[in-house]
Amino acid sequence: MVTDVLALASPDWLFHHLDVTGPAEDLALFRLAAAGPGVIPWTHGRAGEEEDLFHLLAAPPRGERVLSLQGCRIVASGLRAALERADERVRAAVSRPGGPVLFDLHRLVPVPAEVLRLGPGHPDALRWLWTHWGTTWPLRHVAHRAEARGSGGRGRGGDLAASARLSLAFWSADWTPWAALQQVRETWPALSVSVRPHYDDG
């Protein structure tokens with residue numbers, strides 16, 4: 001049981017507005033660096049999960065077992081294979097540049113390989129995410145803010161602005177990802193990063 005991080009089994013999703021502003025060239029590079037699939041490519045093995053599921057099916061905590069032991073093994077093995085295929089798709093997506101999520105925390109503050117091997121439920125993995133991201137889940141529903149589309153400015157003579165802006169909205173699990181945002185500020189010192197949590201509504 002992890003007691004020094006906020007890692008709820010059913011997280012409270014909080015809505016945020018994010019603005020990243022600065023020199024247009026720096027912001028363009030940042031947008032390329034920040035885009036990703038929006039997932040964490042865990043590399044932990046699935047064998048233990050298969051065994052746990054087999055025992056759960058073979059000896060359910062309530063009620064009688066409805067499958068034979070062979071059936072329980074087949075179901076557990078099939079689920080493990082499906083999860084491993086999903087893991088491979090995630091890793092393939094992470095290995096490619098870009099992605100549909102415009103502000104991907106793993107792209108900006110990558111989870112180290114030794115942490116990825118622990119798996120999403122491991123206390124040390126949760127602690128790393130809490131310490132370095134400020135949240136233990138990837139961001140969800142990252143999108144351009146409709147009211148801010150087309151924002152930016154123009155420099156002298158009508159050229160593309162020396163200063164530009166990226167305005168996004170996203171949902172974060174349990175807390176604002178302050179730690180990740182601080183790392184972004186340190187990595188991209190030419191950019192200004194502003195976030196506004198909206199605790200009441202989206």
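What follows is a short chat about the predicted model shown above.

Me: What should I know about the model before I look at it?
Reply: This is a predicted model, in which local features need pLDDT of at least 70 and side-chain atom pairs count only at pLDDT 80 or more, while totals for chains, interfaces and linings use all residues. Residues are numbered from 1 along each chain as its sequence is written, and side-chain values use heavy atoms, with hydrogens and water left out.

Me: ok, how many helices and strands are in the chain?
Reply: The chain has seven helices and four strands, where helices (H or I, at least four residues) and strands (E, at least two) are DSSP runs numbered from the N terminus. Read from the N terminus, the elements run β-α-α-α-α-α-α-β-β-α-β.

Me: And what share of the residues is buried?
Reply: Of the 202 residues in the chain, 38% are buried, where buried means under 20% relative accessible area, exposed means over 50%, and partly exposed is in between (1.4 Å probe, protein chains only).

Me: Switching to rings, how many aromatic pairs are there?
Reply: Searching the whole structure gives five aromatic pairs; rings of Phe, Tyr and Trp (its six-membered ring) pair if their centres lie within 6.5 Å, and planes under 30 degrees apart count as stacked, over 60 as edge-to-face and the rest as tilted. One of them is Trp13 with Trp137, which is edge-to-face because the planes are at 80°, with the ring centres 5.8 Å apart.

Me: Where do Trp13 and Trp137 lie?
Reply: Trp13 is in strand S1 (residues 13-23) and Trp137 is in the loop between helix H6 (123-132) and strand S2 (140-144), so this pair ties together parts that are 124 residues apart in sequence. Trp13 is partly exposed at a relative accessible area of 21%, and Trp137 is partly exposed at 27%.

Me: What about Phe30 and Trp188, how are their rings placed?
Reply: The ring centres of Phe30 and Trp188 are 5.3 Å apart and the planes are at 85°, so this pair is edge-to-face. Phe30 lies in helix H1 (residues 24-34) and Trp188 in the loop between H7 and strand S4 (192-198), so the pair ties together parts that are 158 residues apart in sequence.

Me: New topic: how many salt bridges does the structure hold?
Reply: It holds four salt bridges, a salt bridge being a side-chain nitrogen of Lys or Arg within 4 Å of a carboxyl oxygen of Asp or Glu. Among them is Asp19 with Arg145, whose closest N and O atoms are 3.4 Å apart. Asp19 lies in strand S1 and Arg145 in the loop between S2 and S3, so that pair ties together parts that are 126 residues apart in sequence, and both Asp19 and Arg145 are buried.

Me: Which one sits within helix H6?
Reply: Arg127 and Asp124 both lie in helix H6, three residues apart, which is about one turn of the helix, and the closest N and O atoms of their salt bridge are 3.1 Å apart.

Me: Last one: what does the side chain of Thr176 join in a polar contact?
Reply: The side chain of Thr176 joins that of His16 in a polar contact of 2.7 Å, meaning a pair of N or O atoms within 3.5 Å; within protein, one must be able to donate a hydrogen and the other to accept it, and residues adjacent in sequence count only if both atoms are side-chain atoms. Thr176 lies in the loop between strand S3 (163-173) and helix H7 (178-187), and Thr176 is buried, with a relative accessible area of 1%.
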